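Biologist: I'm new to this one and would like to learn how to read it. Could you walk me through it, feature by feature?

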Number of protein chains: 2
Amino acid sequence: MLRTHTCGELRKSHVGQTVTISGWVQGVRDKGSLLWIDLRDRYGITQITIETENASKDITDIARSLGREFVISVTGKVAERYSKSDKIETGDVEINPEKIVVLNPAITPPFTIEDETDGGDDIRMKYRYLDLRRNTVRKNIELRHRMAIETRNYLDKLNFLEVETPVLIKSTPEGARDFVVPSRMNPGEFYALPQSPQTFKQLLMVGGFDRYYQIVKCFRDEDLRADRQPEFTQIDCEMAFVEQEDVLNTFEGLVRHLFKSVKGVDIPTLSRMTYADAMKNYGNDKPDIRFEMKFVELNEVVKGQNFKVFDDAGLVVGICAKGAAEYTRKQLDELTEFVKRPQVGATGMVYARYNADGTLKSSVDKFYNEEELKKWATAFNAQPGDLILILAGDEHKTRKALSELRLEMGNRLGLRDKNTFACHWVIDFPMFEYNEEDGRLYAMHHPFTSPKPEDIELLNSNPGTVRANAYDMVINGVEIGGGSIRISNKKLQSQIFDLLGFTKEDAQAQFGFLMNAFEFGAPPHGGLAFGFDRLCSLFGGSESIRDFIAFPKNNSGRDVMIDSPSPIAQAQLDELAIAIKK
Amino acid sequence: MLRTHTCGELRKSHVGQTVTISGWVQGVRDKGSLLWIDLRDRYGITQITIETENASKDITDIARSLGREFVISVTGKVAERYSKSDKIETGDVEINPEKIVVLNPAITPPFTIEDETDGGDDIRMKYRYLDLRRNTVRKNIELRHRMAIETRNYLDKLNFLEVETPVLIKSTPEGARDFVVPSRMNPGEFYALPQSPQTFKQLLMVGGFDRYYQIVKCFRDEDLRADRQPEFTQIDCEMAFVEQEDVLNTFEGLVRHLFKSVKGVDIPTLSRMTYADAMKNYGNDKPDIRFEMKFVELNEVVKGQNFKVFDDAGLVVGICAKGAAEYTRKQLDELTEFVKRPQVGATGMVYARYNADGTLKSSVDKFYNEEELKKWATAFNAQPGDLILILAGDEHKTRKALSELRLEMGNRLGLRDKNTFACHWVIDFPMFEYNEEDGRLYAMHHPFTSPKPEDIELLNSNPGTVRANAYDMVINGVEIGGGSIRISNKKLQSQIFDLLGFTKEDAQAQFGFLMNAFEFGAPPHGGLAFGFDRLCSLFGGSESIRDFIAFPKNNSGRDVMIDSPSPIAQAQLDELAIAIKK
């Protein structure tokens, strides 16, 4: 028996009992006559106290030989502490050891195992198993576990079945790049790892499974941006005999359940916003609505005053930052620099201060007198003390840039508290995106998404304007989940493949099994998928999904701990009938 | 709203309500004046009844146009049936439709969607989505879902954390063949898919996670035997600060919980059998102990009577089949044929009948008189009415063949009822197996398995006799799970790698990260993994794991439904910097 209790378990009620606990040495303090060991495990820290005058030499010697992160087992009597600590849950007690066993020594770790560590990112990735010992990291993974459990509890109660779909599937050129797996038994042929279980969950609906979910690994061979991982986890769901409303209500319920059960937070009913409104009011299909600061379009208000920048612009549009009129010149210059960054892309910024005394002052006073500026203020419904920020230019780019500026102002004004959660749906996404480069339409969601019934006739006349039965759930400006009502009709599916530029042969080769399945009685169905890593990081109040993955990869897709990927033996390549091209 | 109720939900209490249900047409019976539709979904079957004289022509016309597996929605009033059915749970009621909508027509399925289908294996694999509509298949997947939920419930209550380990890991030559994944971002390098999360779960223990589990996909690129899948699912578990006893008790508890919660079956405390005893008494390291029929060794009893077969044999060993003395000559010939099959491998079989009248008669009466045969009977503790079956030859081969014969006799005598469950542990496995071909030792379990402390000194003198802290759980003669206490000491781990023929460099290249981790304070730890597919099939009373996998692959590793693996585009190969060798 290596332990009778954990290091987080002992309380005053245990005083007098002889116990054995095991764990890692967090630290040793040696005051000569008194010597303390803090012993740590996943559950907490317990203090071991040795009065060296009364203790055996053995025990004192062992205690003095211990280093940080040694693994030891301690047997002794639980005693009440003289000076209690309210910082740890075991702070009322200590153990007076009768026996200390070193289970495994430890060399000095390359960084401190504490909440605030001295280790940089790279070293902590290499020694991830040591980083996992830190409370903050472990709590993230514990949160993830709790969220998975509560997700399953909720869906299980609603008769959803968790069904495992295959990992070795078939490569399809549509969408992102696949990871592929050479098949030894079928030389020259490859499996692909799933980017999502999309077609399988639809086949489960055709198979009468009615309600499916899976917490499932998915894979995308993309050039990794800062916070992307080649393997990631989705809560993947699908329902049959549903309309959009049913799906929205079911999964709004899931997220509210998670907030309540995991964080004790009550989330109100989710509001819904069309994609068109999201773009118009926030310049963004995933607006952060923790704060208002909606876009106000000013073409009607500002044009014709000989200010060329505004007169030539496709769109003049701005936001009103409440209470920011006292921003200094330096702050305003910073904002101008911000919007001129390449990734924001504006050419400049116009501002107008609505001073507390009721006067108005702008960066373009040459063109706009106070009377004109009053019209601006009216358009923004601005009050004395507010700051108006305006961008102008090409409509699409300007909206995008103003969206960035709005978020930046939200940050600066403290309107984006990570412990406040604003959840909503964005609906009525366009069916297609037009790609200028290759002059064709792409599915905005995916090729199985159903158009809105009232827009179906536009598929022939004006496909670019067709809206889809597609929806995203947005929390605090992050797209947390998305999905759609699917096409369940072979003819309509075939028409969409045509519009997406598939030849009949390609469509048949790639998705024939799905279209054939639709001929055998497909129910109306739809669903969605949540990004589970992202959802966990949002719940954990972190920007980084990596913190919520036990063994993440770096931005080059490498696991630096195990040093993977790595070369394989020539014999393996031969068996797989492949060669490496130099 | 496509339905207000499911097809399994309506009862007498709903009579008079107007409801909408949706599902698949199981069948239509048309008696002219009366017409019935059986409407099916995952939850059950509801009868729609149309009195054609009173119904609208529309409804009657639609009803008469329906074929099997059409997807329809029916709105109407729930009525009490004149003639009730107790075969289905909705048998008290029927729906008199006011509206029938065809949601999707269906072409005729290639086999009948019924519990007993007319479809062969191949066609059902190709149209798996139709096979999944069958109750029997769906119930298997539902059972699997229930078992996963109950596994998580049990482990969650014991503070186990489910942690997702990576799928894109590193290839290691030890063990079975890896599936590999070329890395586009690291040309010439490969990820491997995990054969198990073994090293990661050990690193989680080093990382202080204490109790880990995961229901996880694993991958092995093996030539597939009848009931193997290239991807399969494990319940993978690991615990820190434990000894073998702790692990056995914890996971014995899991299996007993599953039997109780999923099947309502109480399983007694699991007995334990050493590997040595299992081989001695059953010739098998996973004996089916639903029935006794232990091996009895006869060298002392039968030798020296001039029967050359016995006199020359390394081992003469037999079993006593209770009550089988009346087996006919034909039956005994069948048994002889059985043991002579190449996969069983005996050269012949000797039998002795202990007749009901107390006389004894054997197939070798020439050599053994009744007095000698009495000695046999005594050795077997046989009673009148029993049949003694004896094999002789090389010790190892004979035990193996007799094990097959014992199982065959168990089948023939009805001693292997699939609704009876005999669970036990086999412990004290040998640490190594000696491979004659390449003259080296292989890890019987895996190279991280700890030797029994009392056997450690034999590692130098006689490694072949070292026993491991390794254990298997066996249910009804099937190895359902297995594991070990791990080595947590770098020096011992290094010694084991030496014995397994690893050079220092190879060991460091392949497992350096694990051995290094052990230097930073590794806790004593151990665990096990259950084969989840197999466990589900055992609970479902089936021999085939394929029946418990939603989308299985065939014996060539192909998914015939989606036609995978398949060729990929040259552009994909180019991006991955690989070429196919002709």
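**Reading the model, step by step**

Modeller: Let's begin with one residue: B:Asn281 lies in helix 7 of chain B. Keep in mind that this is a predicted model.

Biologist: Is B:Asn281 buried or exposed?

Modeller: Buried means under 20% relative accessible area. B:Asn281 has 18%, so it counts as buried. Setting aside neighbours within four places in sequence, B:Asn281 touches B:Lys294 and B:Phe295.

Biologist: What about phi in A:Asp428?

Modeller: Phi there is near 55°, again positive in a residue other than glycine. The loop between strand 17 (423-427) and strand 18 (432-435) of chain A holds A:Asp428. A:Asp428 is buried too, at a relative accessible area of 13%.

Biologist: You mentioned peptide bonds. Where in chain A is there a cis one?

Modeller: Go to A:Ser564 and A:Pro565: the bond joining them is cis, with omega about 0°. A:Pro565 is in the loop between helix 16 (532-539) and helix 17 (570-576) of chain A. In chain B, the bond from B:Ser564 to B:Pro565 is cis as well, with omega near 0°. There, B:Pro565 falls in the loop between helix 16 (532-539) and helix 17 (570-576) of chain B.

Biologist: Which way does helix 4 of chain A pass helix 4 of chain B, and at what angle?

Modeller: Helix 4 covers residues 135-157 in each chain, and the two pack at an angle of about 135°, with axes 12 Å apart. That makes helix 4 of chain A oblique to helix 4 of chain B. The crossing is left-handed. Chain A brings A:His145, A:Arg146, A:Ile149, A:Arg152 and A:Asp156 to the contact, and chain B brings B:His145, B:Arg146, B:Ile149, B:Arg152 and B:Asp156.

Biologist: Now a pair inside one chain. How do helix 6 and helix 16 of chain B cross?

Modeller: Their axes come within 12 Å, and they cross at roughly 45°; helix 6 runs over residues 244-263. That makes helix 6 of chain B oblique to helix 16 of chain B. The crossing is right-handed. On the helix 6 side you'll find B:Leu258, B:Phe259, B:Val262 and B:Lys263, meeting B:Leu535, B:Leu538 and B:Phe539 of helix 16. This contact has six nonpolar residues, no polar ones and one charged.

Biologist: How many residues of helix 5 of chain B are buried?

Modeller: Nine of the nine, residues 198-206, so helix 5 of chain B is largely enclosed by the rest of the structure. The cover includes strand 1 (18-30) and helix 3 (128-131) of chain A, along with strand 9 (211-219), strand 10 (231-240), helix 15 (504-518) and strand 22 (525-531) of chain B. Just after helix 5, B:Gly208 takes a positive phi of about 80°.

Biologist: Last one: how many helices and strands are there in chain A?

Modeller: Chain A has 17 helices and 23 strands. Of its 582 residues, 59% are buried. Its C-alpha atoms fill a box of roughly 90 × 75 × 55 Å along the principal axes.

How values were computed: Residues numbered from 1 in each chain as written. Chains lettered and ligands numbered in written order. Predicted model: local features only at pLDDT ≥ 70, side-chain atom pairs only at ≥ 80, totals over all residues. Heavy atoms only, no water. Axes fitted to C-alpha atoms, helices over the stretch in contact; angles between N-to-C directions. Helix = DSSP H or I, 4+ residues; strand = E, 2+ residues; numbered from the N terminus. Parallel < 35°, antiparallel > 145°, perpendicular 65-115°, else oblique. Left-handed = near helix turned anticlockwise from the far one by under 90°. Contact = heavy atoms within 4.5 Å. Buried < 20%, exposed > 50% of the residue type's maximum accessible area, 1.4 Å probe, protein only. Nonpolar A, V, L, I, M, F, W, Y, C, P; charged D, E, K, R; others polar.
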